[in-house]
Amino acid sequence: MSALIKEVLKWVKSRPVTIEYPKEETEVEPGFRGRHYADLSKCVGCSLCAIDCPARAIAMEKVPPEYEVPKKNPRRLYPVVNYFKCVFCYRCVAVCPVNAYVTTNEYRLATDSAVNSRQLSLNTVPKAGGGGSGR
Ligand code: SF4
Ligand code: SF4
């Protein structure tokens with residue numbers, strides 16, 4: 001058998017080298033900066049993260065009245081990250097004076113709804129009247 005045919009047979013019998021994502025999960029490097037959001041039980045609404053964001057990806061919004069926020073956030077402001085604009089530099093995480101950001105290595109951001117941190121953050125505080133945290 002010629003060397004060429006041997007080589008062809010070897011590759012025909014071998015498994016594909018491509019990863020069949022999403023059937024097969026891809027590994028995430030340690031320290032990978034993925035989806036992040038503010039924990040509203042810690043956030044004081046200071047806006048520093050929004051001011052410092054180089055991509056202008058953070059909008060400060062009012063917490064809807066049905067959610068309870070700590071007294072340390074009297075203006076009831078919180079940051080909403082637009083993941084379409086975000087460059088995942090984590091500058092916001094670093095500047096937050098109260099370490100309010102929850103960081104994850106989640107990179108799967110595709111969704112049929114808005115791609116932002118609004119609901120993830122609202123889920124960190126209870127609803128007024130004991131309605132639970134919406135999680
Ligand atoms: S990770 Fe960087 S780009 Fe994204 S919201 Fe934070 S500061 Fe802005
Ligand atoms: S810097 Fe921290 S405390 Fe200030 S608005 Fe952003 S998440 Fe909240």
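P22 sits in the loop that connects α1 and β1. The peptide bond between Y21 and P22 is cis, with omega at about 5°. Helices here are DSSP runs of H or I with at least four residues, strands are runs of E with at least two, and both are numbered from the N terminus. This is a predicted model, in which local features need pLDDT of at least 70 and side-chain atom pairs count only at pLDDT 80 or more, while totals for chains, interfaces and linings use all residues. Residues are numbered from 1 along each chain as its sequence is written, and chains are lettered from A and ligands numbered from 1 in the order in which they are written.

F32 belongs to the loop between α1 (3–13) and β1 (36–38). A residue is called buried if 20 or more other C-beta atoms lie within 10 Å of its own, exposed if 12 or fewer do, and partly exposed in between, with C-beta atoms placed from the backbone. F32 counts as partly exposed because it has 13 C-beta neighbours inside 10 Å. Along the chain F32 and T104 are 72 residues apart, yet their C-alpha atoms are separated by 8.2 Å.

The chain as a whole contains four helices and four strands, in the order α-β-α-β-β-α-β-α from the N terminus on. Its radius of gyration is 22 Å, whereas a compact globule of 135 residues would have one near 14 Å. That radius is taken over C-alpha atoms, and the globule rule is 2.2 Å times the number of residues to the power 0.38. Along the principal axes, the C-alpha atoms fill a box of roughly 80 × 35 × 25 Å. Of the 135 residues, 21% count as buried. Among contacts with a separation of 6 or more, 75% come from residues 24 or more positions apart; a contact requires C-beta atoms, placed from the backbone, within 7 Å.

Two of the strands pair with each other. Strand β2 (residues 58–62) runs antiparallel to β3, with five bridges between them; pairing requires that DSSP finds at least two bridges. Within this pair, M60 stands opposite P79 in β3. Strand β3 (residues 77–81) is mostly covered, with four of its five residues buried.

Most residues other than glycine have a negative phi, and most peptide bonds are trans. R56, in the loop between α2 (48–52) and β2, has a positive phi near 50°. R56 counts as exposed because 11 C-beta neighbours lie inside 10 Å. F88 also has a positive phi, near 55°, and is found in the loop between β3 and α3 (91–95). With 16 C-beta neighbours inside 10 Å, F88 counts as partly exposed.

That leaves the ligands. A residue is near a molecule if its C-beta atom, placed from the backbone, lies within 6 Å of it. Ligand 1 has 13 residues around it, of which C53, C86, C89, R91 and C92 come nearest. Its shell consists of 12 nonpolar residues, no polar ones and one charged. Ala, Val, Leu, Ile, Met, Phe, Trp, Tyr, Cys and Pro count as nonpolar, Asp, Glu, Lys and Arg as charged, and the others, Gly among them, as polar. Ligand 2 is surrounded by 14 residues, and the closest are C43, C46, C49, C96 and A100. The shell of ligand 2 has 12 nonpolar residues, two polar and no charged.

Terms used:
Contact = placed C-beta atoms within 7 Å.
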